[in-house]
Amino acid sequence: VSRCEPAVPCVLLQMARTQKNKATAHHLGLLKARLAKLRRELITPKGGGGGGPGEGFDVAKTGDARIGFVGFPSVGKSTLLSNLAGVYSEVAAYEFTTLTTVPGVIRYKGAKIQLLDLPGIIEGAKDGKGRGRQVIAVARTCNLILIVLDVLKPLGHKKIIENELEGFGIRLNSKPPNIGFKKKDKGGINLTATCPQSELDTETVKSILAEYKIHNADVTLRSDATADDLIDVVEGNRVYIPCIYVLNKIDQISIEELDIIYKVPHCVPISAHHRWNFDDLLEKIWDYLKLVRIYTKPKGQLPDYTSPVVLPYCKTTVEDFCMKIHKNLIKDFKYALVWGSSVKHNPQKVGKDHTLEDEDVIQIVKK
């Protein structure tokens, strides 16, 4: 690691000194690839398995979704957890009160949601400073990240935290790049672009892949992609997580300032101490998690609306529903009867590939 650490600022300096134009595009692409590789080596050092995630950081995943609170020390993460989930997380007037991950659970709209109060991160966490490495390793496992900011100094902190998370391969509120990438044994680099490209050309793509010692591959660019997009696809360890910016301590600002904050995308202003605007925050959390609730109906009985089976939005087929209950259920599966918005008439007989929608009612018929 000691060999990589000085190399990161060197590459950043080279990038800053390089003029941005078409002639230097492939050189900048190469430097970006080198930087991504060095950062990966910093996060996961070569050789021995290391000392694990660090005591108190590895929290077992429970419930239907996991939310991590990320932010600087003393912005009110622990107060927010305590008042949302009723869990005691030590609160004090000095920085770094929370030293390990503190879990809590809330029930909302029938779903069980795990909340994690992560220790405050500092600038330079992605380069190994403080306990940022462990904090962000836990953040990578979350379904949603809440970046908690102090409303009096939001923009500076927001930029730094985004930068730290980006350095660890976490992409906030974005989708994976629409790039096809397939390694092969021979034939060189074949580049296909289905739309005009403003940054990537064959030379730039070849220089980026050469940095990863890849000399034979098929690359398909299905959108106007950047060098960073291609590096993300080649690295293959990026996670794409929705994020809400929680602006805390709104009791210290004026109504006019609050109106401006409300117009910022992905933002929710709250006061954790006074429990102001928690309803808005919970509603936004629900929207961003995109969870799907499915109610069960035993034969000859009314549907059970008290405890839905909660599925992630990307896995909502009847087969996914069966697997969530028990893996043996799919072996005995004959067909399902579904009531709700996913079918044309109620009830409708469907197979295991049918996609369910929020608040559908299902009855499984076995062989």
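1. Contact here means heavy atoms within 4.5 Å. Helices (H or I, at least four residues) and strands (E, at least two) are DSSP runs, numbered from the N terminus.

2. On provenance: this is a predicted model, where local features need pLDDT of at least 70, side-chain atom pairs count only at pLDDT 80 or more, and totals for chains, interfaces and linings use all residues. Residues are numbered from 1 along each chain as its sequence is written, and side-chain values use heavy atoms, with hydrogens and water left out.

3. Two strands pair if DSSP finds at least two bridges between them.

4. Within that sheet, strand 14 (residues 333-339) and strand 16 (residues 360-366) are antiparallel, with 6 bridges. Ala336 has Ile364 of strand 16 as its bridge partner.

5. How many aromatic pairs does the structure hold? There are 2 aromatic pairs. Rings of Phe, Tyr and Trp (its six-membered ring) pair if their centres lie within 6.5 Å; planes under 30 degrees apart count as stacked, over 60 as edge-to-face and the rest as tilted. Tyr108 and Trp286 have ring centres 6.1 Å apart and planes at 70°, so this pair is edge-to-face. The pair links distant parts of the chain, 178 residues apart: Tyr108 is in strand 2 (residues 102-108) and Trp286 in helix 9 (residues 278-289). Tyr108 is buried, at 17% relative accessible area. Trp286 is also buried, at 8%. The cut-offs are under 20% relative accessible area for buried, over 50% for exposed, and partly exposed in between (1.4 Å probe, protein chains only).

6. Tyr295 and Tyr305 also pair edge-to-face, 4.9 Å centre to centre with 70° between the planes. Tyr295 lies in strand 12 and Tyr305 in strand 13, so the pair ties together parts 10 residues apart in sequence. Buried or exposed? Tyr295 is buried at 7% relative accessibility, whereas Tyr305 is exposed at 53%.

7. Two lysines sit over tyrosine rings. The charged end of Lys158 is 4.7 Å from the ring centre of Tyr245. For Lys290 over Tyr313, the distance is 5.0 Å. The criterion is NZ of Lys or CZ of Arg within 6 Å of the ring centre and within 35 degrees of the ring normal.

8. Strand 2 runs antiparallel to strand 3 (residues 111-117), joined by 7 bridges. The two form a hairpin with 2 residues between them, and Lys109 in the turn has a positive phi of about 50°. Tyr108 stands opposite Ala111 in strand 3. The covered face of strand 2 carries Val102, Gly104, Ile106 and Tyr108. Pro103, Val105 and Arg107 make up the uncovered face.

9. In helix 3 (residues 77-85), 9 of the 9 residues are buried, so the helix is largely enclosed by the rest of the structure. These buried residues pack against strand 1 (65-71), strand 2, strand 3, strand 4 (144-150), strand 10 (243-248) and helix 9. Gly86 follows helix 3, with a positive phi near 70°.
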